[in-house]
Amino acid sequence: MKTALDFSEIDAGMLAEAGGKAANLGELARAGLPVPPGWVLTTEAYRQVARGLRTSGDDLAERARRHLLEAPVPDEVHEAIVKSYEALGDDVPVAVRSSATAEDLPFASFAGQQDTFLNVVGAEAVVQAVRRCWASLWTDRAVAYRESNGIDHAAVRLAVVVQVMVDARVAGVLFTANPVTGRRHESVIDASPGLGEAVVSGAVNPDRFRVHEGRILERHAGDKRLAIRALPGGGTERVETAEPGLCLTDDEVLELAALGARVEAHYGAPQDTEWAIDHDGRLWLTQARPITTLYPLPEPARPGLRVYFSVNVVQGVMGPLTPMGQSAFRVISAGGAGLAGHRPADPLDGAGFLAVSGERLWLDITTAVRSRPGRAILPRVLTLGEARAVGLVEQLFEDPRLSPADTSLRPFLRGFARFARNLRLPGRVLTALTSPRKAVAGTVRLGQVLDHRLRVPASATPEQRLDHAERVLAGTFPLIISIMPTVITGYGLFALSARLSGVPVPEMSDVLRSLPHNPTTEMDLELWELATRIEPEPFRELSVPELVARYRAGSLPPVAQREITAFLHKYGHRGIAEIDLGVPRWSEEPGHILGVLANYLRMDKGASPSEQFAGGVRQARATIAHVAARAGSRGRWRAAVVRFALGRTRRYAGLRELPKFYLVKTLAAVRSSLLVVGEHLAGQGVLDAPQDVFFLDLRETRAALAEGGDLRELVAGRRDTYERERRRRHVPRMLLSDGTEPEALSQPGGDGGITGTPASPGTVTGVARVVLDPIGAHLEPGEILVCPSTDPGWTPLFLTAGGLVMEMGGSMSHGAVVAREYGIPAVVGVPDATHRIVSGQQITVNGAAGTVTIPEIP
């Protein structure tokens with residue numbers, strides 16, 4: 001047991017031991033900030049309780065609390081509390097506050113995990129409050145919080161902070177960054193008369209103030225119908241009040257904002273603070289903790305306000321990327337920038353428009369937002385892939401800080417001309433118009449060229465493998481983007497047909513059903529057909545881990561063993577979150593595919609997907625005939641042009657998935673080669689395991705090959721960061737460099753309806769199934785899949801889905817394209833769909849109107 005009579009006397013070791021409030025308040029006192037006097041008590045006396053209860057169980061928290069409340073307070077602790085308290089004077093009111101090492105962390109700050117007792121009077125009352133604080137280490141909410149954040153219960157240490165009470169006239173909380181919009185250096189203050197507990201606990205509607213750069217932006221009076229006040233003999237009472245007007249003057253608001261700025265400067269990060277103003281008008285700081293819900297900001301490459309767009313969100317990969325995955329995309333982006341004449345001096349640095357934050361990738365789109373050509377093109381591009389972002393960028397166009405910086409078209413035209421020339425855009429479009437067989441054959445040849453490039457001799461040294469990886473990654477974008485002129489020609493002709501015929505685009509969407517040359521739908525259909533050919537018994541009887549063990553041992557029935565191996569040989573480079581080369585492929589971890597097969601084999605089969613696919617082809621042809629007839633009524637030549645145009649559309653639109661298919665094949669090949677490099681480094685003692693190489697970047701890997709060393713501690717730290725980011729619940733779609741999330745500023749629709757972007761026509765009513773992770777997910781035939789986003793790893797679920805609701809994406813996003821091909825109604829870009837819809841609810845999806853209806857419960 002240790003005590004300290006004043007926060008300013010606490011040494012660094014005691015601060016580390018105390019953690020939480022104790023550490024924060026101690027630092028603030030030593031920094032000269034206005035913290036109430038107090039002391040810290042830390043003890044080992046009851047830690048054996050935690051050690052004895054390490055194993056989680058349903059009654060873990062209750063048993064721990066009971067043991068602590070029944071255990072006697074050690075004599076030396078009792079004596080220290082009594083002496084310290086009596087030294088303050090006669091019956092001085094104090095606050096007794098818990099402070100644990102598992103709270104107020106840089107990555108996880110959850111106020112109220114443990115208990116606080118206010119206005120405690122009398123030495124014995126303080127002793128009992130300290131005991132109850134110790135016991136509150138095991139509140140249900142604290143135990144659940146630690147488990148959700150992967151914190152070992154037995155490793156947690158707890159201190160008790162005892163502070164002299166501030167006789168508060170008014171109190172509340174102060175955030176030094178706006179917790180809703182994310183805007184940095186915008187103070188948000190909630191205030192109410194009496195003790196701050198009323199504000200912190202949410203028992204009152206407080207006054208609210210917003211301050212930015214010394215200017216009060218908002219003054220909003222709450223009703224303040226309740227105040228918590230100290231009782232003369234100890235304890236508190238709740239008093240009904242009717243406080244008109246505001247409880248803070250402008251001078252007090254600005255003084256609070258200035259204090260918040262000092263606290264933030266001290267810690268170097270935005271802070272969530274608690275404060276009080278006494279009856280003499282003196283301001284006291286009673287608590288400071290980091291705001292951990294703010295998304296970290298990218299490091300701006302250029303001065304001024306920047307606009308960032310999330311690559312992860314648009315790709316449907318909400319989790320983080322490994323350091324090697326990020327490094328790979330830097331090299332890929334360098335190859336893309338080179339097409340427009342902006343190749344960086346070192347490809348390992350990546351293109352200037354690529355940024356990393358929160359272990360995720362971001363595109364700096366400031367140049368497009370601040371140029372007139374960009375303002376014309378950007379919304380149209382986003383309409384295809386991320387429709388929800390269109391309104392956000394148009395909102396940014398109104399921000400005077402982002403007004404067009406250059407009215408000249410010359411830089412844009414020069415860059416586009418260079419890009420078009422390097423891509424051979426005119427020639428490829430002409431080929432797509434005049435020779436479809438040659439155009440499609442060209443995409444096949446690209447795949448053959450890629451396969452040749454990806455081969456690495458088995459005798460290659462680790463250094464040679466690294467050279468090869470960098471060379472292949474640098475050439476990836478120019479190779480795969482060469483498919484897009486053909487794809488864009490197809491979609492351009494689709495739009496032309498709508499204009500010539502007068503038929504609205506949504507009514508023509510059946511033209512895009514059951515498209516040829518789509519590697520993702522071909523993969524899904526092959527997987528279903530595989531399920532019809534293999535022996536069903538082991539898949540109906542065994543768990544997925546048992547199936548994996550049998551497959552790896554080669555002991556599945558012969559047909560199943562052979563067919564699955566053939567499927568993985570062709571598609572084993574795919575996987576969940578497959579854009580990250582640090583993530584295992586299906587060929588390495590086949591559990592997802594075996595689980596999907598097991599689900600297929602356990603369900604009653606109706607019409608097969610191949611029959612549905614053939615029906616889609618027939619429907620597409622009928623729609624083409626209908627659109628051509630409508631065009632013919634406006635002129636005979638129009639009918640011929642529409643038939644020609646939509647025929648080309650069907651030939652080329654399915655190729656939209658091919659660039660990503662080739663990209664993922666590249667990443668998988670590089671991953672395989674880097675595992676050999678990792679094996680070499682592990683053999684040299686640089687790493688613990690070959691897979692650890694993915695927690696280095698390419699530059700670090702080369703240095704490790706040349707110099708050796710021990711990188712295990714670096715890898716362990718990055719794994720911890722990666723796991724923390726995997727638990728992040730919210731990733732912005734768009735972010736400004738001042739921290740603002742534009743989506744948080746947009747106003748929701750007034751009717752409360754759930755709406756999104758129409759993606760695949762048709763109406764279906766069915767049971768919703770919310771799926772956050774496709775691995776191990778089971779979807780009964782006809783259930784409506786509700787998910788954040790999708791990549792090809794999700795699409796086997798589409799074969800049994802009755803409909804699709806997706807939070808991300810636009811009408812041309814991956815999920816929308818596949819849903820149309822399978823003919824299932826789909827609505828995408830639905831805000832917070834996975835929170836607003838619950839599994840088991842009956843919902844109706846109208847894919848043409850873009851609406852999702854949840855029937856009211858009578």
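How many bridges join strand 3 to strand 4, and in which sense do the two strands run? Three bridges join them, and strand 3 and strand 4 (residues 116-120) run antiparallel, where strands are DSSP runs of E of at least two residues and helices are runs of H or I of at least four, both numbered from the N terminus, and where two strands pair if DSSP finds at least two bridges between them. The structure is a predicted model, in which local features need pLDDT of at least 70 and side-chain atom pairs count only at pLDDT 80 or more, whereas totals for chains, interfaces and linings use all residues. Residues are numbered from 1 along each chain as its sequence is written, and side-chain values use heavy atoms, with hydrogens and water left out.

Strand 3 itself (residues 94-100) is mostly covered, seven of its seven residues being buried, that is, having under 20% relative accessible area, with exposed meaning over 50% and partly exposed in between (1.4 Å probe, protein chains only). In a regular strand the side chains alternate between the two faces of the sheet. In strand 3, V94, V96, S98 and A100 point one way, while A95, R97 and S99 point the other way.

The structure holds 33 salt bridges, a salt bridge being a side-chain nitrogen of Lys or Arg within 4 Å of a carboxyl oxygen of Asp or Glu. One of them is formed by R97 with E274, the closest N and O atoms being 3.6 Å apart. Because R97 lies in strand 3 and E274 in strand 12 (residues 271-278), this pair ties together parts that are 177 residues apart in sequence. Both partners are buried, R97 with a relative accessible area of 6% and E274 at 14%. Another salt bridge is formed by R671 with E588, with the closest N and O atoms 2.6 Å apart. This pair likewise links distant parts of the chain, since R671 is in helix 27 (residues 658-683) and E588 in the loop between helix 23 and helix 24, 83 residues apart. R671 counts as buried at 3% relative accessibility, whereas E588 is partly exposed, with a relative accessible area of 29%.

The side chains of E723 and R726 also meet in a salt bridge (3.6 Å, N to O). These two residues are three apart in helix 29 (residues 712-726) and are therefore separated by about one helical turn. E723 is partly exposed at 35% relative accessible area, and R726 counts as exposed at 52%. Salt bridges that share partners join R183, E186, R210, E218, D399, R401 and D738 into one network.

In contrast, D580, in the loop between helix 23 and helix 24 (591-602), is buried yet has no salt bridge, the nearest side chain of opposite charge, R585, being 6.1 Å away (Lys and Arg count as positive and Asp and Glu as negative, with His and the chain ends not counted). Residues up to four places away in sequence being left aside, D580 touches P320, L321, T322, G325, R585 and Y722, contact meaning heavy atoms within 4.5 Å.

A search of the whole structure finds six aromatic pairs, in which rings of Phe, Tyr and Trp (its six-membered ring) have centres within 6.5 Å, planes under 30 degrees apart counting as stacked, over 60 as edge-to-face and the rest as tilted. The rings of F567 and Y571 have centres 5.2 Å apart and planes at 45°, so this pair is tilted. Both residues lie in helix 23 (residues 558-571), four residues apart, about one turn of the helix, and both are buried. F567 and Y571 form one aromatic cluster with F661 and Y662.

Elsewhere, eight strands form an open sheet of mixed pairing in the order 18-25-24-20-21-22-23-19. Its edge strands, strand 18 (754-755) and strand 19 (757-760), each pair on one side only. Strand 19 pairs with strand 23 (residues 826-828) in the antiparallel sense over three bridges, with T757 opposite V828. Strand 21 (residues 784-787) runs parallel to strand 20 (residues 763-770), to which three bridges join it, and parallel to strand 22 (residues 803-806), with four bridges.
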